[in-house]
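Hello,

I am passing a structure on to you. Please open it first, then read my notes below.

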Amino acid sequence: MTAPRKKRREAFLLGNEAVVEGALAAGCTFYAGYPITPSTEIMECMARRLPHVPDGAFIQMEDEIASMGAVIGASLAGRKAMTATSGPGFSLMQEQIGYAAMTETPLVLVNVMRGGASTGLPTSPGQGDVQQARWGAHGDHPIIVLSATDVPECVEMTVAAFNFAEKYRSPVILLLDEITAHTREKIELPEPGDFEVFSRLTPTMPPEWYKPYEETMRGVPPMPPIGSGYRFHVTGLTHDPLGFPTSRPEEVRALTERQFRKIDRFFEDIQIVEHVDTADAEVVVIAYGCVARSARLAVNQAREAGVRAGLLVLKTLYPFPRRHVEPMLRNCRLAVVPELNMGQLSREVKRVNEGYTTVRTINRIDGQIITPSQILKEIA
């Protein structure tokens, strides 16, 4: 006689609270941050939960700049570390995002997007930080940007963010929006073993042989915790394989090309999308975040009306999943890109479209969500 299946723990959680569940499931033991609407629940939950996690540490910093510095330092010391912010706080973090990219320091940054520039609409949804997430820090650098459409995905994509950060020694930005962050849904809480969890590679050679930024087969050098006996130099300056500043053209080129190559070679792993009725679609909606939920209903209603509509949900925004988007554009008569901004991800869609099909945008910037009826009107 088989044993009865253990009942899984369930809870009604906000998207922000689900992020915390995902972070803890991925092994996060350090959080530094500064409260800002609409991301504050992440910080509040971490303040309650981390002290009960073995080796868990939570600290409220004086501002977002200090928060990023603390997260970078904790990661260099071997912790899985994260922070969360929104709007103006995200702008303050840009310089240190670039520093993390240059030093190849794994970390997770959750940006809960709100409406408007500057202080804008603190309690309203927006998706105006998409291009900033990719290009906000100056200089050429690779970065991974993810998104979530609902509360269960907030758990899943947070775990993915930590895994990518650790596997590829890169800062990873998870973009939510106020709607997703403050939607409350019943979910099954993650249990040990539910997710495959990755941790950074550490060196196996003797300390005297170790080169912290040496080329490897995967392009991702092993990373020991500072203080573990492996001495290495950390700088935001362009550096040689030992981590010391260099301006030699061949070393500058080798560093930059390796940093891009370690991401480019693993697009298949990093680029996550969801196809909904796209196999025979003549009209394709390309959406992300809370707008993808409206798009899903609109596509279902269009199908019921006899329109061969499909939906491509982008869970990875950068590196932009061209290999998934381009075939859709080649085989449909119309692509619709709804966004809570003036048109940001639609620029990427138009770039890869190269004139093959009509790309129509739906843009809303008044602090309100794009409704299924608005999308249906454009595709039916």
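**What I found**

Start with Val197, which sits in the loop between strand 9 (184-188) and helix 9 (249-264). Helices (H or I, at least four residues) and strands (E, at least two) are DSSP runs, numbered from the N terminus.

A word on the source before going on. This is a predicted model, where local features need pLDDT of at least 70, side-chain atom pairs count only at pLDDT 80 or more, and totals for chains, interfaces and linings use all residues. Residues are numbered from 1 along each chain as its sequence is written, and side-chain values use heavy atoms, with hydrogens and water left out.

Val197 has 37% relative accessibility, so it counts as partly exposed. The cut-offs are these: buried is under 20% relative accessible area, exposed is over 50%, and partly exposed is in between (1.4 Å probe, protein chains only). Val197 touches Ala25, Ala26, Lys80 and Asn163, leaving out residues up to four places away in sequence. Contact means heavy atoms within 4.5 Å. Val197 and Ala26 are 171 residues apart along the chain, yet their C-alpha atoms are separated by 5.8 Å.

Ile65 is in helix 3 (residues 64-76). At 40% relative accessibility, Ile65 is partly exposed. Its C-alpha atom is separated by 5.5 Å from that of Met93, 28 residues apart along the chain. Ile65 touches Leu92 and Gln96, again not counting residues up to four places away in sequence.

**Helix 1 and helix 2**

How do the axes of helix 1 (residues 15-25) and helix 2 (residues 40-49) cross? They come within 8 Å and cross at roughly 45 degrees. Therefore helix 1 is oblique to helix 2. Axes are lines fitted to C-alpha atoms, for helices over the stretch in contact, and angles run from 0 to 180 degrees between N-to-C directions. Angles under 35 degrees count as roughly parallel, over 145 as roughly antiparallel, 65 to 115 as roughly perpendicular and the rest as oblique.

Helix 1 passes helix 2 in a right-handed crossing. Right-handed means that the near helix is turned clockwise from the far one by less than a right angle; anticlockwise is left-handed.

On the helix 1 side, the contact is made by Asn16, Glu17, Val19, Val20, Glu21, Ala23 and Leu24. Helix 2 brings Glu41, Ile42, Cys45, Met46 and Arg49. By class, that is seven nonpolar, one polar and four charged residues. Here Ala, Val, Leu, Ile, Met, Phe, Trp, Tyr, Cys and Pro count as nonpolar, Asp, Glu, Lys and Arg as charged, and the others, Gly among them, as polar.

Ten of the eleven residues of helix 1 are buried, so this helix is largely enclosed by the rest of the structure. Among them are Gly15, Ala18 and Gly22. Just after helix 1, Gly27 takes a positive phi of about 100 degrees.

**Helix 11 and helix 14**

The axes of helix 11 (residues 290-304) and helix 14 (residues 372-379) come within 8 Å and cross at roughly 50 degrees. These two are therefore oblique to each other. Helix 11 passes helix 14 in a right-handed crossing. Helix 11 makes the contact with Val291, Ser294, Ala295, Leu297, Ala298, Val299, Gln301 and Ala302. Helix 14 uses Pro372, Ile375, Leu376 and Ile379. The classes are ten nonpolar, two polar and no charged residues.

**Aromatic pairs**

How many aromatic pairs does the structure hold? There are five. Rings of Phe, Tyr and Trp (its six-membered ring) pair if their centres lie within 6.5 Å; planes under 30 degrees apart count as stacked, over 60 as edge-to-face and the rest as tilted.

Tyr168 and Phe266 have ring centres 5.4 Å apart and planes at 40 degrees, so the pair is tilted. Tyr168 lies in helix 7 (residues 151-168) and Phe266 in the loop between helix 9 and helix 10 (267-270), so the pair ties together parts that are 98 residues apart in sequence. Tyr168 is buried, at 1% relative accessibility. Ring pairs link Phe164, Tyr168 and Phe266 into a cluster.

Arg258 lies in helix 9. At 2% relative accessibility, Arg258 counts as buried. Beyond its neighbours within four places in sequence, Arg258 is in contact with Glu104, Tyr213, Glu214, Glu215, Gly219 and Pro221.

Ser346 is in helix 13 (residues 345-353). Ser346 is buried, at 2% relative accessibility.

Best wishes
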